[in-house]
Amino acid sequence: MPQNKTLLSKQEITKYTITFWKIIIGCIAFGIILIFSIGLGLFGKLPSFRDLENPKSNLSSDVISDDGVVLGSYYVQNRTNVRYDQISPNVINALIATEDIRFYSHSGIDFKRIFTIIFYNLMGNKQGASTITQQLAKNLFPREGVNGFFSTVIVKFKEWIIALKLERNYTKEEIITMYLNTVDFGSYNSFGIKSASQTYFNTSPDKLAPEQAAILIGMLKGPSWYNPVRNPDRALARRNTVLDNMGKAGYLSDPETEELKKKDLVLSFKATHHFDGYAAYFRAVLKKEIQKIFDEQNITKADGTPYDLDRDGLKIYTTINSHMQQYAEQAQREYMKKLQASFNKVWVNRNPFKGEAAKILELGMTMSDRYHQLKEDGMSDSEIRKNFNTPVKMVLFSWNGDVEKVMTPMDSIKYNKLMLRNSLMSMEPQTGFVRAWVGGINFEHYKYDQVKTGKRQVGSTAKPFTYAVAIENQGYSPCFMAPNSPINVDGWEPRAYKPIPGPISLKTALAFSQNYATAYLMGQVGATAVSTLIKKMGVTSDVPAYPSIALGSFDASVFDMVGAYAVFANQGIWTEPTYLNRIEDKNGNVLYERKAKVVVALNPQTAYAMTDMLKGVVQRGTGRRLLYTYKLTNPIGGKTGTTQNNSDGWFIGITPQLVTGVWTGADDRGIHFLSTDQGGGANSALPIFGLYMQKVYKDPTLKYSKGDFEPPKGGSTITLNCDAYAPKITKDSTVVPTEEPTP
């Protein structure tokens, strides 16, 4: 059967041909004009000749303690530059064979490769077209604020222009050396070939063997995805691809290539981290705080550009004492190791994730980095769940050091959810200077700060606020006898754990953390007055004016609670907790100097009465362990706190010169101890305070005295000795120190 054919006339062919070439020529002309405009700086400033001659060096910014110790540094590149002759030819050959085979023949842009890559991308085989010189341009002058197709095109053309300038100003050897000195080799802060060689193979770059060089160059495609420590199978496959490339380029013979591909993946791994040094959680919070200060106060360089903590070599002077920081971290490590073992025994034959608690695992999965990576890779929900239930190698935190296990990602979530967390902050009440800050148990594995960023229910550590209002506003005496029986306050009926038969003095009620007496007092003073005082004493989180805040139903940070308790030790004055003294630029010029805020929050008489009542907690109440276990017999006040289901354990201790808060709990409140004896603040938090203070007092360089709290001028006008009014305790009415969980 004959087919119909539509034939174009000669005139139509000529018309379409002219139109086609007009479009092509127009696009080329537009591209030329665009590139010329970019070169003139119409789309943003380009690096000058001087910038190219002197690429910006990245200087780390040091965080310095009050006693002159460098706690750690902020840096974008943990690197030491090397010369071309200090790099193994194996590295250079692997790089050229894999990333830019025509490196020695192009002038910065490989147009032949660009057109080839366009064809491949149109066929669905995505590939990159950047030369080594273009990648160097990107490393030296990184992209910022790139959004949308047009912005991407502009940035790409800028990189072309910079690449051409680099080629005119540097030799090929200099370009490849600069590239290898600036490239990111992924995790563990391995920037530059020298750092990567030391991190993964514990050697220098001039001694890298072909298979080692292939591993490192292979990582450039995806430093995390092809990380040989975390993803050895992928790294091995990628290494073999790089070796094949070296063979095809003639850098290796076929027998050499095949022999090297048969070798196992052998590492000599030694990581260098940002969290090396002291106070890793503190330094992470401090960095965000400094960036916020610079932004709010418009602190910039002379040319108006913002400071970069990772590159500009600032000196950051803090209030942290390196000795006290070390003692705090040691105290945590000593006790949490024992507490975790005790916690593990509680759940060894139980399933904490059944029923409603199963949501903890679901949330843990969907919030994980693995989940987001798999989503980005296009996996379906069923495929992701299968992945989470497929055993893989895992590196897990333990108090005996990191352990490597083969387990499913879902099992690793269970493991980490059952790992108790802990935080501590210690400050001087008069100056507000924070001397120690331990935001978590291990920054490498658990980066969330629990000193300032995290907020948890405070439990009975909130009780002193209600007592302070009663003494301050309504003239209650610590010796006032309050009923200690079931009570209803505006519809709220608190529960109590082993209540002492009442009536009892307020001093006894606080010492033994009695819920009913505290609720009675709340009914007398009102929730609004208590909430107002809590905010006045520096608690920044929401404290609703409900009666239950008397027993600590609100959330607050360790940072705020320590600051609030410092009011008692500082004769009623709240001094803003301060951890940053000043910031200097690399030349020693002061950029910022901190001035703390001061607020009169309580009458000195009330504050002194509260210190006496808090001393009673340690002398005869729920904090007595400090005396009989840790032998801290000097004047110390404090308050334990335990929340519902024993989810949170607290202890805040005060001395005349130091206030220290400790919190312990799991990542999720649904995971907790099953008994108050184990999960209460007296057992889960107080011991860390005790160990910490032992170490502080043993250090003669710290010069913290063991004296008593100073009374107000003229002495105390509030009766503090209740012995004359206390009923005699018979053998049938023995008072047992117990900690009350929040109802």
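How many bridges join strand S17 to strand S18, and in which direction do the two strands run? In this predicted model, strand S17 (residues 648–654) and strand S18 (residues 659–665) are antiparallel and are joined by seven bridges. Within this pair, Trp 650 stands opposite Trp 663 of S18.

The two strands belong to an open sheet of five strands, arranged in the order S7-S6-S18-S17-S16 with antiparallel pairing. Strands S7 (434–438) and S16 (637–642) stand at the edges with a single partner strand each, so one side of each has no neighbour in the sheet. On average, and with direction ignored, neighbouring strands of this sheet are turned by 5° against each other. Helix H23 (residues 604–620) packs on the sheet, where the helix touches S16 and S17; the directions of H23 and S16 make an angle of about 65°.

A search of the whole structure finds two cavities of 30 Å³ or more. The largest has a volume of about 50 Å³, and 13 residues line it, with Asn 646, Ser 647, Thr 664, Gly 665 and Phe 673 closest to its centre. S17 and S18 are the elements that give two or more residues to this lining, which divides into four nonpolar residues, eight polar and one charged.

The second largest cavity has a volume of about 30 Å³. Here the tryptophans return: Trp 650 and Trp 663 are among the lining residues, together with Gln 450, Gly 454, Lys 455, Arg 456, Ala 556, Ser 557 and Val 558. By class, this lining holds four nonpolar, three polar and two charged residues.

Conventions:
Residues numbered from 1 in each chain as written. Predicted model: local features only at pLDDT ≥ 70, side-chain atom pairs only at ≥ 80, totals over all residues. Heavy atoms only, no water. Pairing = 2+ DSSP bridges. Helix = DSSP H or I, 4+ residues; strand = E, 2+ residues; numbered from the N terminus. Axes fitted to C-alpha atoms, helices over the stretch in contact; angles between N-to-C directions. Contact = heavy atoms within 4.5 Å. 1 Å grid on protein atoms, 1.4 Å probe; cavity = no way out; pocket = protein on both sides within 12 Å on 5 of 7 lines; lining within 4 Å. Points joined across faces, edges and corners; volume = space filled by probe spheres on them. Nonpolar A, V, L, I, M, F, W, Y, C, P; charged D, E, K, R; others polar.
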